[in-house]
Amino acid sequence: MSEADFTDFVTYRAPALLRTAFLLCGGDRGAAEDLLQEVLERAYPRWRRIRGKPEPYLRAALANAAANRWRSRSRRVSEVPLERASPPTRPGHEQQIVDEDELLRALRGLPPRMRAVLVLRFFDDMSEADVAKALGCSAGTVKSQSSRGLARLRELLPDHVRERSTP
Amino acid sequence: MNPAELSTRLHDAAAGVEPAPDFAAAVLRGGQARRQRRRLAVAASAVAVVALVASGAFALTRDHQEAQVGDPRVTQPTRGDLAGDDTFRQAAIAAWQRSRTTSASALNAKYETIGGPHVYWAGSTPAGPAAIVLQQVDLRPEPDSAPDWEGATTVEALVATDPADGQLKVVADDWSPHPEQQLGFGAKFGPGDRTVLIETSEQTLFFSEGVELRNHRLVRDWQQVPVLDGVAQVQLPADADPAGVLVVARETKPGPEDTKSSNALLLTRAAVYRSMGSSLTIGEDFYPPPTGLRWPGRYLSVGDPVDQREVDRTYTENVFGKLPTGDWCSFGGSWWVAATLPDGTIAVLSDVQADANPARLYGLLIRPDGSTEVYDAGEVDAGAPLPARFRLPGGEGWLVADDGKTISYRTETGGWQDAGSNAALLPDDAVEAKVGDTTVPLG
């Protein structure tokens, strides 16, 4: 794949990858942009050598990088105010916006790897086997972490968010 | 909430998140710069390898050019006051060998060793003899590992006595794909994780034991730590919380208000490290339950509504952002109560918890001129009636909350007065509050 392929990939797929990064970082928009930019920059010199489709590879790299942020030299404060990049675009849905903020806050309260399992499994819709491969663990571990992650998320969510039925 | 609902909500929450218009160009520029630096590094490495081979100091055993980069520390004689203790050095090497395939570093990345382990430092510490063992490795990229986990680096391991079983073992280890960016390797270990040991090439380190509340500001006291034989040591007092420790490499001593972690050394806590059973259960056993108030999403304004995002921002800047984040996790900010006082001051109360420490309540006053004052409002007793209480200075009253409950109060001379539900600002001379049917003394 050429440099033009790389640029095209980033242009067209960065929005989707940024959303994954946004959730992996528990709704911290700045951390998500930093994380994605770093992962893509590091992928650039190796672009020609990536086997298969690059997107699953980059998604796994994002998840591992997010889950291993404890390695980073200066850790970010784990509690930051939620900041949306733009005002809500759905007038009349203010309560939904508040609920989404609460979900992001609750995500932030999960251990990073448990959060990564939930995001890859339920946002990126990856199979248990693919999540296991991406995070270097067994499918059984993914299954148990998904279950425990959901349970912990329910504990951390306010009642009105937890009980809101899906439209 | 079931998995399908979670999926929908995750998509809702991330909807509308878009990169900046110049994101692709910035990535391309960054990627090109990294490739250029990488080429220069490889060229420099080749020169270094030739020099090392010529000097006979480093045996080439690998065909991977980048893996041939020698860490100069592995050719240096062991440092420290136990450097001449061969028995201890051999015991440290044996401890490293025993844990090599199960250490946290080994579980987090695939690598092959280059040469043998080297005891870089062996010395006495308040927690007993300890050694820093270096092992050069060649990181092997896996199909799904981070793109930069490739090439040569050095795993650093601290071998010391585990107070849990009295055995000499690896109590912390770490590596970086970018060792040139590392400030050093450090750990908190020994009884209570109160012994801090840091291997560093930095010359000027400053240590802070923890955050203190002084003159209504969260501050840190800093002292310079001597670096001897490439290692700095600090012993924490018995009542110190290891989670509060911060060590930074700076040219000048930080001021008390400088509680940020820029240029901070990452200190692995042995208790957390020991809980690392497998790559996905890191910290699982250590992960503490939240002990703060479980009122997620409750942002209660007493009287005039306050600007939620401004209160969030100011509380984060003055309280959350200054307190230690803990070695594994922190909780806080999922609720607060705020009241606007007659002079325009906004009083805020919330709780914070780091690791398994008890959650504490912190009050914050945001004055009309933007200045702030922080108050410690005590440990949280989540099961107590009216668990959130903050007596405001200057006789401004009591800011209290008990979500979902009705609140009333009485003064020394008066009868019970209704104060609404969930949260209230009670007069300063209130002597008792009633939450539901339960009477709570104030003061």
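Me: At what angle do α6(A) and helix α7 (residues 139-156) of chain A cross, roughly?
Reply: At roughly 105°. Their axes come within 8 Å. This is a predicted model, by the way.

Me: Oblique or roughly perpendicular, then?
Reply: Roughly perpendicular, because angles of 65 to 115 degrees count that way.

Me: Which residues make that contact?
Reply: From α6(A), they are A:E128, A:A129, A:V131 and A:A132. From α7(A), they are A:A139, A:T141, A:V142 and A:K143.

Me: How do the residues of that contact split by class?
Reply: Five are nonpolar, one is polar and two are charged.

Me: Let me step back. How many helices and strands are there in chain A?
Reply: Eight helices and zero strands. From the N terminus on, the elements read α-α-α-α-α-α-α-α.

Me: What percentage of chain A counts as buried?
Reply: 50% of its 167 residues.

Me: And how much of the contact in chain A is between residues 24 or more positions apart?
Reply: 65%, taken over contacts with a separation of 6 or more.

Me: Now the confidence. What is the mean pLDDT of chain A?
Reply: It is 74. In chain A, 71% of the residues reach 70 or more.

Me: Which elements of chain A have the lowest and the highest mean pLDDT?
Reply: Helix α8 (residues 159-162) of chain A has the lowest, at 67. Helix α1 (residues 3-24) of chain A has the highest, at 89.

Me: Stay with α1(A). At what angle does α1(A) pack with helix α2 (residues 29-43) of chain A?
Reply: About 130°, with the axes 9 Å apart. That makes α1(A) oblique to α2(A).

Me: Left-handed or right-handed crossing?
Reply: The crossing of α1(A) and α2(A) is right-handed.

Me: Who makes the contact?
Reply: α1(A) supplies A:V10, A:A14, A:L17, A:L18, A:A21 and A:F22. α2(A) supplies A:R29, A:A32, A:E33, A:L35, A:L36 and A:L40.

Me: What classes do the residues of the contact of α1(A) with α2(A) divide into?
Reply: Ten nonpolar, no polar and two charged.

Me: Next pair. How far apart are the axes of α5(A) and α6(A)?
Reply: 10 Å. Helix α5 (residues 112-123) of chain A and helix α6 (residues 128-135) of chain A pack at about 140°. That makes α5(A) oblique to α6(A).

Me: And the handedness of α5(A) and α6(A), left-handed or right-handed?
Reply: Their crossing is right-handed.

Me: Which residues make the contact there?
Reply: A:R113, A:A116, A:V117, A:L120 and A:R121 come from α5(A). A:V131, A:A134 and A:L135 come from α6(A). By class, the contact of α5(A) with α6(A) has six nonpolar, no polar and two charged residues.

Me: On to chain B. How many helices and strands does chain B have?
Reply: Six helices and 25 strands. Chain B has 443 residues, and 44% of them are buried.

Me: What share of the contacts in chain B join residues at least 24 apart?
Reply: 59%, among contacts between residues at least 6 apart in sequence.

Me: What is the mean pLDDT of chain B?
Reply: It is 82, and 80% of the residues of chain B reach 70 or more.

Me: Where does pLDDT stay under 50 in chain B?
Reply: Over residues 44-68, for one, where the model has 34 contacts beyond four places in sequence. Residues 277-286 of chain B also stay under 50, with 22 such contacts.

Me: What does the model score for ipTM and pTM?
Reply: ipTM is 0.84 and pTM is 0.66.

Me: One last residue. Where is B:E199 found?
Reply: In strand β7 (residues 195-200) of chain B.

Me: Is B:E199 buried or exposed, and why?
Reply: Buried, because 23 other C-beta atoms lie within 10 Å and the cut-off is 20 or more.

Me: What does B:E199 touch?
Reply: Leaving out residues up to four places away in sequence, B:E199 touches B:Y120, B:W121, B:I132, B:E156, B:G184, B:F185, B:G230 and B:V231.

Me: And how far is B:E199 from B:G186?
Reply: 6.1 Å in space, C-alpha to C-alpha. In sequence, B:E199 and B:G186 are 13 residues apart.

How values were computed. Residues numbered from 1 in each chain as written. Chains lettered and ligands numbered in written order. Predicted model: local features only at pLDDT ≥ 70, side-chain atom pairs only at ≥ 80, totals over all residues. pLDDT = per-residue confidence, 0-100. Helix = DSSP H or I, 4+ residues; strand = E, 2+ residues; numbered from the N terminus. Buried ≥ 20, exposed ≤ 12 C-beta atoms within 10 Å, placed from the backbone. Contact = placed C-beta atoms within 7 Å. Axes fitted to C-alpha atoms, helices over the stretch in contact; angles between N-to-C directions. Parallel < 35°, antiparallel > 145°, perpendicular 65-115°, else oblique. Left-handed = near helix turned anticlockwise from the far one by under 90°. Nonpolar A, V, L, I, M, F, W, Y, C, P; charged D, E, K, R; others polar.
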